Amino acid sequence: MESETCIAELENDIRALRKQLIQKVQQLKTLKKHFQKNCINKLNNNEIARYSRQIILSGIGVQGQLKLKRASVLVVGAGGLGCPSSLYLAGAGIGRIGILDYDEVELTNLHRQLLHTESSIGLAKVESAEAFLEQLNSQIEIVTHHTQLSSDNALRILELYDIIVDATDNVATRYLLNDACILLNKPLVSGSALQLEGQLTVYNYNGGPCYRCLFPNPPPPETVTNCGDGGVLGAITGVIGALQALETIKIILGNEGVLSGRLLLFDGQQSTFRNLKLRSKKADCAVCSEGASLTKLIDYEQFCNMKATDKDSHLSLLEPHERITVQEYKELADKGVPRMLIDVRGANQFEICQLPASVNIPIDDILKNRRTDEILEHVSRMTTSASMPVFIVCRRGNDSQLAVRHLSPLFQKSGMSLPRDIVGGLHAWTRGIDPDFPIY
Ligand SMILES: [Zn+2]
């Protein structure tokens, strides 16, 4: 009993100390903010020493460093691009950096999102990023926005900053950021990275085009690949994120050579950079032209028919009778029912883990009809009286639906019973059947 009281007392003490710590940190922040505001027209000794290697550059100087100090930048997304870009912006002494992200740190982030560490798994990404950046540079202010950017909050948040860095990975947010930046007249530094390639450009700067000038209409959802599906190498996001910081710094300094009206393509395989000239501002652009039809933000998820998150989205292409649950599949397998299980993931993913007796035929081969004959032949060879059931599985149950939609007419033509997809793919298998099956 005595020790229980003792534990409770200690826990109370710790809670009180934590509360005190939070209050002190807040106090310190307010004081620093006040102090910074009062000396935006000169550099202190810490700043002179800290930034000396860039101050001595001819394009920067003391006046340039003061411009950086007075500037504010919002980095939208604290992931693969947001980590390196905010790191270099903080290092360079941007006076106020906002970090916006709704998500928490996961193990699958750590190979590329290097502001986060193993000990920050489960923490909000904005908190983890803030802690890292404050350790790097105590002379600047870091502001966090732990929220999902939406049409309701975008203008309110973006108007607090001079320049916006798009470090997200989804089409709906790209349109949202573009339109909000046009409405608020702010430059948008846009980057993307996938697999071994990256892209970079600056929208709405110096009379250059906006995202909508180039892409008036969103692409079909099934043609969009994100890093969760397509994969990405951390060094690629590092390159593009660092370049986003560079463009941002050039805009603040008013230097020439800003990547407006041009698109930089980085091929990490060949180590080549290419610079494409983009079309100029579209005379009838819906948002940035004289007679723009869009004068306020819209519902971007509806406009793009895609979720505005970088999380894996769930397609819903098939009817219930074209699908089977992991539980139903497990039952068939346990009974030893003859069947064919096609795993449509790429060969590298198939090598990570696979269900017993599955055959690997990647989705690309199916959609391009490269190996569909093989499937049809295999099924008709194995079939005795009734047609042998064919099931399709992938990682999360999206590609498997595309495969079923593609294969069904071919099966129908051959008089075979139609293929079905396993709902939720291997992720559902781990969740519902075998918790030891690897998840990635
Ligand atoms: Zn436009």
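Is Cys213 buried or exposed? With a relative accessibility of 1%, Cys213 counts as buried, because the limit for a buried residue is under 20%. The legends below describe close-up views of a predicted model.

**View 1. The domains of the predicted model.** The protein is divided into domain 1, which covers residues 1-33, domain 2, which covers residues 71-304, and domain 3, which covers residues 320-432. Taken over C-alpha atoms, the centres of domain 1 and domain 2 are separated by 37 Å.

View 2. The zinc ion has as its protein donors the SG atoms of Cys210, Cys213, Cys285 and Cys288, which lie 2.2 to 2.3 Å from the ion. The angles among the 4 donor atoms run from 95 to 116°, and the site of the zinc ion is tetrahedral. Along the chain, the donors of the zinc ion follow the spacing C-x2-C-x71-C-x2-C. Cys210 counts as buried at 0% relative accessibility, and Cys213 likewise counts as buried, at 1%.

**View 3. The open parallel sheet of 5 strands.** The strands of this open sheet come in the order E9-E13-E12-E10-E11, and their pairing is parallel. Strand E9 (323-324) and strand E11 (358-360) are the edge strands, each of which pairs on one side only. E9 is joined to E13 by 2 bridges, the two strands running parallel, and within this pairing Ile324 stands opposite Ile422 in E13.

**View 4. Strand E12 and its two neighbours.** Strand E12, residues 390-393, is covered on both faces, with Val390 and Ile392 buried on one side and Phe391 and Val393 buried on the other. Strand E10 (residues 340-343) runs parallel to E12 and is joined to it by 4 bridges, and Ile342 has Ile392 in E12 as its bridge partner. E12 also pairs in the parallel sense with strand E13 (residues 420-422), over 2 bridges, where Phe391 stands opposite Arg420 in E13. Between E12 and E13 the chain crosses through helix H17, residues 399-413, in a β-α-β crossover that is right-handed.

**View 5. Two loop residues with positive phi.** Gln195, a residue other than glycine, has a positive phi value near 55°, and Gln195 lies in the loop between strand E5 (188-194) and strand E6 (197-203). At 42% relative accessibility, Gln195 counts as partly exposed, because this value falls between the limits of 20% and 50%. Ala357, also a residue other than glycine, has a positive phi near 65° and is placed in the loop between helix H14 (347-352) and E11. Ala357 counts as exposed, because its relative accessibility of 68% is over 50%.

**View 6. A stacked pair of phenylalanine rings.** A pair of aromatic rings is described by the distance of the centres and the angle of the planes. The structure holds 7 aromatic pairs, and one of them is formed by Phe266 and Phe273, which are stacked at 4.6 Å centre to centre with 25° between the planes. Phe266 is buried, with a relative accessible area of 11%, whereas Phe273 counts as partly exposed at 48% relative accessibility.

**View 7. An edge-to-face pair between two helices.** The ring centres of Tyr329 and Trp429 are 6.3 Å apart and the ring planes stand at 70°, so the pair is edge-to-face. This pair links distant parts of the chain, with Tyr329 in helix H13 (residues 326-335) and Trp429 in helix H18 (residues 425-432), 100 residues apart. Tyr329 is buried, its relative accessible area being 3%, and Trp429 counts as buried at 9% relative accessibility.

**View 8. An aromatic cluster of tyrosine and phenylalanine residues.** One aromatic cluster is formed by Tyr175, Tyr203, Tyr211, Phe215 and Phe303.

Technical notes
Residues are numbered from 1 along each chain as its sequence is written. This is a predicted model: local features need pLDDT of at least 70, side-chain atom pairs count only at pLDDT 80 or more; totals for chains, interfaces and linings use all residues. Side-chain values use heavy atoms; hydrogens and water are left out. Domain bounds come from an automatic or database domain assignment. Buried means under 20% relative accessible area, exposed over 50%, partly exposed in between (1.4 Å probe, protein chains only). Two strands pair if DSSP finds at least two bridges between them. A crossover is right-handed if, with the strands pointing away from the viewer, the path from the first strand over the helix to the second runs clockwise. Donors are N, O and S atoms within 2.8 Å of the metal (3.2 Å for Na, K and Ca); water is not among the atoms, so sites may look incomplete. Four donors count as tetrahedral if all angles lie between 85 and 135 degrees; four count as square planar and six as octahedral if opposite donors are over 155 degrees apart and all others between 65 and 115; anything else is irregular. Rings of Phe, Tyr and Trp (its six-membered ring) pair if their centres lie within 6.5 Å; planes under 30 degrees apart count as stacked, over 60 as edge-to-face and the rest as tilted.
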